Amino acid sequence: MKTWIISISSITILTSIFSIIIPNSKIGKFIKSIFSVLVIFVVISPLSAIKNQDVSFEEIINSSEIVVQNDYLDYIASKKSSELQNGSIKILKNMGVENVFVNICYKYSKSNNFVIESAEINLKNAVIISDKTHIDIKEEIKNQISNYLQIDKNCVYVNE
């Protein structure tokens with residue numbers, strides 16, 4: 001390995017020196033191209049040694065560790081949950097319901113997919129601005145949020 005690095009360094013230095021000394025004529029371009037080919041041969045020379053050895057790429061793949069960065073996955077899941085909560089609040093605001101707290105409960109499936117388990121809507125401090133006060137607003141909220149989050153309507157809980 002050490003000799004290979006030294007040979008790459010030396011051929012590169014020689015190529016640089018000759019490119020400075022030799023003028024840009026046809027002969028100069030020819031000599032530069034010869035040195036370029038030499039650099040390529042020096043760089044790929046260890047491949048012949050690898051060819052003579054029995055290298056198993058399956059061993060290389062199986063020996064490397066696959067590390068799942070759970071902290072990063074948790075961060076991404078919390079960001080996704082936060083975006084879904086903000087989207088739910090916007091939907092409720094469009095319905096005429098403001099000052100609502102939305103909490104989305106989620107988990108990871110076995111394949112590390114984001115799965116929404118339930119959504120909790122807290123209407124304790126809510127203000128209903130529309131003329132829909134006479135209809136069952138809880139049922140309308142459940143329908144809208146379950147459609148938005150693509151979950152079952154029974155997984156949406158509305159608390160007053």
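These legends describe close-up views of a predicted model.

**View 1. The whole chain, by secondary structure.** The chain holds six helices and five strands. Read along the sequence, the elements come in the order α-α-α-α-α-β-β-β-β-α-β. Of the 160 residues in the chain, 21% are buried. Taking contacts between residues at least 6 apart in sequence, 58% join residues that are at least 24 apart.

**View 2. Helix α5 against helix α6.** Helix α5 covers residues 70-95 and helix α6 covers residues 137-149. Their axes come within 10 Å and cross at roughly 140°. Angles over 145 degrees would count as roughly antiparallel, and those from 65 to 115 as roughly perpendicular, so α5 is oblique to α6. The crossing of the two helices is right-handed. From α5, the residues that meet α6 are Glu83, Leu84, Gly87, Ser88, Ile91, Leu92 and Met95. From α6, the residues that meet α5 are Ile137, Glu140, Ile141, Gln144, Ile145, Tyr148 and Leu149. By class, the contact of α5 with α6 is made up of nine nonpolar, three polar and two charged residues.

**View 3. Strand β2 paired with strand β3.** Strand β2 spans residues 101-108, and strand β3 spans residues 114-122. The two strands run antiparallel and are joined by eight bridges. One of the residue pairs to look for is Asn103 with its bridge partner in β3, Glu120.

View 4. Ile104 lies in strand β2. Its relative accessible area is 3%; the limit for a buried residue is under 20%, so Ile104 counts as buried. Leaving aside neighbours within four places in sequence, Ile104 is in contact with Ser81, Leu84, Gln85, Ser88, Ile116, Ser118, Ala119 and Leu149. Among these, Leu84 and Ser88 also belong to the α5 residues that meet α6, and Leu149 is one of the α6 residues that meet α5. Ser81 is 23 residues away from Ile104 along the chain, and the C-alpha atoms of the two are separated by 6.3 Å.

View 5. Gln85 is placed in helix α5. With 18% relative accessibility, Gln85 counts as buried. Not counting residues up to four places away in sequence, Gln85 touches Val102, Asn103 and Ile104. Of these, Asn103 has Glu120 as its bridge partner in β3, while Ile104 is itself buried.

View 6. Strands β3 and β5 run parallel, with four bridges between them. Val158 is the bridge partner of Ile121.

**View 7. Ile128 in strand β4.** Ile128 sits in strand β4, which consists of residues 127-128. The relative accessibility of Ile128 is 37%. This value falls between the 20% and 50% limits, so Ile128 counts as partly exposed. The C-alpha atoms of Ile128 and Met95 are separated by 8.7 Å, with the two residues 33 apart along the chain. Met95 is also one of the α5 residues that meet α6.

How values were computed. Residues are numbered from 1 along each chain as its sequence is written. This is a predicted model: local features need pLDDT of at least 70, side-chain atom pairs count only at pLDDT 80 or more; totals for chains, interfaces and linings use all residues. Side-chain values use heavy atoms; hydrogens and water are left out. Two strands pair if DSSP finds at least two bridges between them. Axes are lines fitted to C-alpha atoms, for helices over the stretch in contact, and angles run from 0 to 180 degrees between N-to-C directions. Angles under 35 degrees count as roughly parallel, over 145 as roughly antiparallel, 65 to 115 as roughly perpendicular and the rest as oblique. A crossing is left-handed if the near helix is turned anticlockwise from the far one by less than a right angle, and right-handed if clockwise. Contact means heavy atoms within 4.5 Å. Ala, Val, Leu, Ile, Met, Phe, Trp, Tyr, Cys and Pro count as nonpolar, Asp, Glu, Lys and Arg as charged, and the others, Gly among them, as polar. Buried means under 20% relative accessible area, exposed over 50%, partly exposed in between (1.4 Å probe, protein chains only).
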